[in-house]
Amino acid sequence: MSSWVGQAIRRGRLTTRYPAEPATELELPMLARAPRPPAVVPDRLGAIAACPVAALSAAGGSGIRADEGRCIRCARCAAHGFDFSGSAECSRPDRAGLLVPPVPSGPGARAVPLRQLGRSVHVFLVDAGSCNACNHEVLALTNPYYDAQRLGIFFTNSPRHADVLLVVGVPTAEMTEPVRRAFEALPSPKAVVAVGVCPIGGGVFQSTPGLAGSLEELVPVDAFVPGCPPAPVSVLDAILGLLGRSRARTEG
Amino acid sequence: MTSRPWSESLRGPAGALGTEHAPAYLPIDRAFALVNDYGTGRALLWRGPAPAEANEVATLWRRAAEAPRPHRVAPEEVVEGYGVFTFPYGPISMGVPESGRFDVRTYGERILTLGPVAGFKSRRILGALPGLTPEDALLRVERLAGNFSAAHAAAFLAAVESAAAIEVARTELWTRALAQELERIYNHLHQIARVAEAASQNVGLAQTHALAEEMLRIEGRTFGHRWLFGALAPGAPTRRLDPEGRRWLGRALRELSGRFEVLLELFLGSRTFVDRLQTTGVVSRERAVRWGAVGPVLRATGVAWDDRLRAPSVPYTDLFLELPREDGGDALARILVRAHEVRSSALLLEQLLDRWPGDAMAREAPAPPVGPGRGLGRVESPSGDLVYEVRLTNGRIASVGMRSASHANWPVFAESLRHAVFTDFHFAWESFGLVFAETDA
Amino acid sequence: MDLAGVLLTVAIASFFAGAPLSLIRRDLGYLTTFGAALLFGAVAVDALLFGPVRGAAWGGPLGDVETLSLDALSAFFALATSVVWAATSVYSVWYDDRPSPVLAVTYALTLGAIALLVTASSEVLFLIGWETMTLASYGMILEARGRTDRVYSAAFVFLAFGEASTLLVLLAFAGLFVGTGSLAFGPTLSGTVLPSLVFVAGLLGFGLKMGTAPFHMSEWLPIAHSSAPSNASAVLSSTLTLAGAYGLFRLVSLLPGPPDWWGALTLAIGAISVLLGALFAAVSEHSKGLPAYSTIENNGLILVALGVSLLAGANHLTLLAVFALFAAFYQALAHALAKTVLFLSAGYVEHLTRTFDLSSVEGRATGPDRAALVGTLAASLSLAAGPPLAGFVSEWMVLEALFQSYRFGETWAQFVGLLTGAAVALGAGLITVAMVKFVGFAYLWKPRCARAPSERGSLGPVVGAVAFAVLTVGITAPWILVLLAPSVSVVMGSSVAAPIGGLLSVPNGWSILSGAPFGILSPPMVPIAIAAGVLVAVGYDRLGRHRAVRRVPVWMAGSAPAREGETYTSFGYSTGIRLMMSSALRTREVRANAGAITTVGFEAVEPYSVELEVFDVFKLFYDGLLVVGEGVSRVLKERVMPGQLGRYLAYVLVAVLVVVVYIASVST
C-alpha cells in the first residue's frame, strides 16, 4: 500500500505509555535529568565553584544543595561524582520546591490550580526570548510520540481560547509587555507554566543585559519545569499537574 | 588526549601570531557577502576584495546587536493606496512559534510588502561574552539558537581555535561534523513537517514529525542531550562514541532514512501538496545572489554554494558530499533541497561512521588566524552559511561577532512574499527556515 | 365620495401643498408631508381592510373619468410608502440645513407625484405622476452637498435613465390602449402578440426604474441614489423603486394569463440583478452606494418572485403562483422599510463624520446613540435575511417558491428555477458580507479617535421606530399576509381567499405554509425561541455563581493596541470577494509610482501607490450605446439638420403633405 493511510498503518502505534508508565531512557536522555549529588562530595567547594550558573550551594553539615531552577545540565559537576538521575516529574508548583534538598518554606502555592477544568485543557505557547529549543520541545508534544491530544491537551492560536500559558525563554525587555498582555488575555481560571530554566531564573543568561527579570516578576507562575530544555514528558507532566493528573500525584 | 585542559592551551601567546597568514576566507572566495547594518537600517553589499575597514566585519555585527529594538530586518518599501493598511502580525503568534513581528502592508488578502521586525528577543548574548573563558562562552553560544546549537558551537569553536592557533584532535572535528549532520537532518525534517502542517497534510505531518522526534532521540542517545548542548564541548563527558554506539547510530540512521524515502515519495505523489508549494514564495536566482542569500534558499535557485564544499574544513575535505540543487526558487524547490539534503547528510554520516578515526591523538591544524588573537569560524548551518569572528585576549574572549544564515536571508524572504496572498506566508516561512533567535543574539 | 375618499384627496393635495409651504418655512413643508403621509397611510389601511376607496374624480381627455382611487393593490403600496415617508419627513426636519428651500420643495413634489401615480385610475394620470416624480427627483439629486461634478453627472444619468424608462412605459401603455381602447386601468388585455409586447416593454421600463438588469450597476441607480441628499436617497431607493414595482404589478394585473417565457425572462433578469447587485454591494466603499446596490439586489428578488409566480401561472400551479406573489409583495415591503433605515443611518453617519467613505468612517459614529445603532443593526440584519426580521421572512418565501420550481412542467423551466435559486443563494451570502461591512465599519468599529459630536441631536427615535416596524412586520408576517390577500387577488385577477383559507400559503395565523407537501415557517415562534434561549442563558448566568466581568484589551498577537492605519479597512474586508470574483468584477491592480526613488544600501526603492479596481461589465454596453448615439447625432446634425432654412421649409412641406394624405385616406 503506497498511500498515506498504508504508511500510517505500517508504522503502527508510536505513542508513549507515559504517564501510565514511567518515561523510558529514550524519552529522557541523560542530560534531560537533573544531576544528583553523591552521598559524599569529595571536593565540596570545588564542585560549587565548578558550576557556571551557581546552582550549587553549601547545605547543612557537609551536604550540598542543588537548585534545579538554575541547572543548565552542563555536566561539569559530573567530575565531582554527580550523576544524572532526576526523574521526568521534575516540575514544582513553587520556586523553592526546585531546591534539592528542600529548604523549609512558607505556605505552599495553589496545589492544583485548574482541577475544575477536568479532562481538557487548552494551551498557548509564548516565546519570551528563547533559543528555540524549548519551542520545539513544546511543539513536539503534538507529534505521534507524545500525542498530547490523547490527554485532552490542545494547542490554541490565541490566548483568548487558552487556559494555560506556557512561557519559554528568558523574558527580554521587549517581551515583558507582550507576555503581560498574553496573560491578561487569558480567561480565568488560568495557569502559567515556566518551561525551562530561562523563564525560571535566566539559566545561563542570568547575567546578560537583555534579561528583564524572571517570569515570576511579570506574572504569577503556577508550575516551574526545570531543564535546558526540559524533555517533552516533563512538560506534559507539568500540564497534567495543573489538572491534578500528574504522574507523581497519581502514583503517590 | 593530553592531560592539559583544552582551555589551558588557549592561554598561549595568541598575539604572537603575525598577519602573514592571509585571511583564509573572508575576502572572499565567495563572490559576495552581505551584511545588514541594522543599526543604520541599511543593507550593505560587498563585492570582490574587501575594503580595508570591511575586515572589521565584527564592528558591523556588533552594531547589529546594539541596534534599536525591535527593528526591521529587510529594506523598507513604501506603498500607499486606497484602503491600504498595515497589518501587524506578531510578536506572539502560534503560526510562527518564535517571537517576532511582521508588518504586512495590504489592501486585504494580498501581501503588498512584508516587513519582518526582529529584536523582540534580543538577549544581547554576544555583547555579554567578552571577559568569559571560551568554555563559559560556549555554554551561551550553544544556547543562542537551540535548534542550530551544533552549528553555532562548531563555528564558534573553529573561530576560537583559529584565533588561538591551537591544534585540535581529529576525533573532535569528526564529532563536530557528526553532530552537525544529525542536527541538519533534524531541522530539515522539522521544516518539512511544518510545511506539511501548513498544507494540511495531516498524515504527512504526523509521520514526518515522528521522524523528527526519532532524530532527537538518536541525538539524545548519542550525545546525552536532545539538542546537542554540551556535545561539542571538548572534555565533555558525554561525547565518547564507542564502537557499539556507532553501530547503533548507523543502524538507527539507516532505518530512519529508509522511512524518510517512503514519506518523500508520498509527499511528491500528492498533487495538492506539490501544487500548493509550487510558485509560492519565489526567489529568483538574480535576487538571491544580489541579496547574498545562503543555504537551501540559495541552492533552491540553482546556485550550488555550500560551505562544506566551497570552504571545507576537516573532515569535509575527506568526504564525498552530494550537493542537491533545484532551479525553481519556490517553496517546493526549497523543500526538495532540504529533502535531498536529508539524504546527502545521511550519506555523510555513513561515511563518518564508517571511517571513524580510531586514533584520538592525531591532531589537525586549525584555520589560520586572521589577525593577532583573531579568528574566523565558518560552517554550513542547516539554514546556510554561518560565520563567527572571535578575538581573544589572554585566553579570554575579547569580542565575538556572528553572521548567521537568518541575517542573510531576511531580505529575500521579505521579497519572496511580495504580492502573495496571506496564506502563502507559512509556506514561505517554513521553507526558508529563518530563526529569530539567531538574529536576536 | 365618502369620508375616506375625501381624506385621500386631502392627503394627495397636502403632499403637493408641501411644496409652496416649504418656500415659507422648510420645516413647515416637511411637517405637511409628514401629516399627509400619516393620512395617506390611514386611508390605505382602510382600503385594505374595507375595500376600494374613491377620491376626487374629473373628466378625462377621452371622455372617461379620472379618479384618485385606492384599490387593494395600490393600497398596499400606499401603505408601504406612507410609512417610509412619515419617517423621512421627520428625518428631513433634522437633516435639511440647506440655505435654499429647493430640496424641501422637490421633496414634497416627489412624494406627491408618487402618491398620485399610486392612486391614479388611468394611464394618463399615472404617467403624469411618473414624469413629475422623475423631474422632481432630478431636482432633489441636484441638491446634493457640494454640487460636484459627480453630483451633476449623477443627476444627469438619473434623468437620462428616468426618461428612457418613461419612454418604455409609454410604449407599454400605448399597447394597452390599442388593445383595450381604454385609458383606464381596468379592462384586461387579450390576444397573444400584443400582451407580450406590452409585458416586455413594461418589464424593461419599470425594471429600469427598479434598477434591475440589464439597466443597472454603476451606470445609474447606485450613482444617482447615493449622490442624492440622504433623505432623498431614502425616498428614491425605498419608494421610487417601489413605484416601479407597483407599475409592474399593475401592468401584470391587466394582462391575460402569461405564456411561460414571461416568467423565465423575469427570472433571468431578476437572478442577474440579485447576483450582481449583491456582488457590487459587497465591494462598495460608499456608505450610500452600498445600500443602493443592495436595492438592486432586493428589486431583483421581487422580480424573481414575480417570475416564479408567472411561470407557475403558465403551468397552472395556482397555489405556487399565489405564494410567489405573496413573496414578492413581502419582499417589497421588507425592503422598503429596512432600506429607509439604512439610508437615514448613512446620512446620520455622514453628518457625524463628514464622509461617505466607509474606510474612513472607522466607527466614528459609534457612541451613546444606542437607538441608531440597534435600529441600523436590525435593518441591515433584515436585509441580510436574519431572523426574526421582515427580510428573513421574505427571503425565505422567495427561496421556498424557487425550491418548488421542480413542479414546473418543462425541464428547461425547472432548470431556470434551479439556476435562479443558486444565484439568489449566492446573492444572499454576498449581501450578508455587505451588511456586516456597513454596520461594522460605520457603527461597531472600535473608534481610535474621539467620536464626532452631533450638532443637531440624536436621530435614534426615527431610525428606531422604522426598525421596530421591520421587526414587527417580521414577527407578525402570517397576519400581514392575510391582510395582503386582496392585493394579491388584484394581480391574480381572482380571489385568493381559497388558498389562504385552505392549507396553502397562510393558515389562520402563527405559521406560513409554502406548499401542500412543502415547507413551513412560523415567524412568531422564531423570536419566542430566541427569547427563550436568551432567557435560559441569562437565567443560568444569574442563578449560577456570578463571575465578575473582566474587560481586557483586544488581543493583537502581543502588539500594542492598534494605532491609526493599523487596522483592517472596509476595503480590505471585502478584498477577498474582489479577488475571488475577479472574473465577474474584472478586478485589476493599477500601480503608479509615487514620490522619489530612494536608495537603501545598494537597492533602489521606489515608493508606489496601488489601487485595486473593479469594473462593471455593463458599462461596456453603455459605452457602446454612447458611441452609437453620438454617431447618430452627428449624422443627424450634418446631414439632416445642417442649418439651412430651405431644408427645414422642405421638411415642413413634406410633413403637411403626409398629414393631408393621411386625413384624406382616413375620411374616405
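**Briefing: the contact between chains A and B**

Arg226(B) and Glu137(A) are joined by a salt bridge, with their closest N and O atoms 2.8 Å apart. The model is a predicted one. The rule finds 5 salt bridges across the interface of chain B and chain A. Chain C is also described below, by its division into domains.

**Extent of the interface**
- The size of an interface is often given as the accessible area lost when the parts come together.
- For chain B and chain A, the area buried between them is about 4900 Å².
- Carbon and sulfur atoms account for 65% of that buried area.
- Chain A gives 58 residues to the contact, and chain B gives 57 residues.

**Polar contacts and the side of chain B**
- Between chain B and chain A, 21 residue pairs are in polar contact, counting pairs with both residues at pLDDT 80 or more.
- On the side of chain B that touches chain A, the elements giving two or more residues are helices H2 (134–142), H4 (170–198), H5 (202–223) and H6 (243–269) of chain B.
- H5(B) supplies the largest share of this side, with 13 residues.
- Sorted by class, the side of chain B that touches chain A holds 26 nonpolar, 16 charged and 15 polar residues.

**Domains of chain C**
- Domain 1 of chain C covers 571–590 and 604–616.
- Domain 2 of chain C covers 618–667.
- The centres of domain 1 and domain 2 of chain C, taken over C-alpha atoms, are 45 Å apart.

Definitions and conventions. Residues numbered from 1 in each chain as written. Chains lettered and ligands numbered in written order. Predicted model: local features only at pLDDT ≥ 70, side-chain atom pairs only at ≥ 80, totals over all residues. Heavy atoms only, no water. Contact = heavy atoms within 4.5 Å. Buried area = accessible area lost by both parts, 1.4 Å probe. Salt bridge = Lys/Arg side-chain N within 4 Å of Asp/Glu carboxyl O. Polar contact = N/O pair within 3.5 Å; in protein donor to acceptor, adjacent residues only side chain to side chain. Helix = DSSP H or I, 4+ residues; strand = E, 2+ residues; numbered from the N terminus. Nonpolar A, V, L, I, M, F, W, Y, C, P; charged D, E, K, R; others polar. Domains from an automatic or database assignment.
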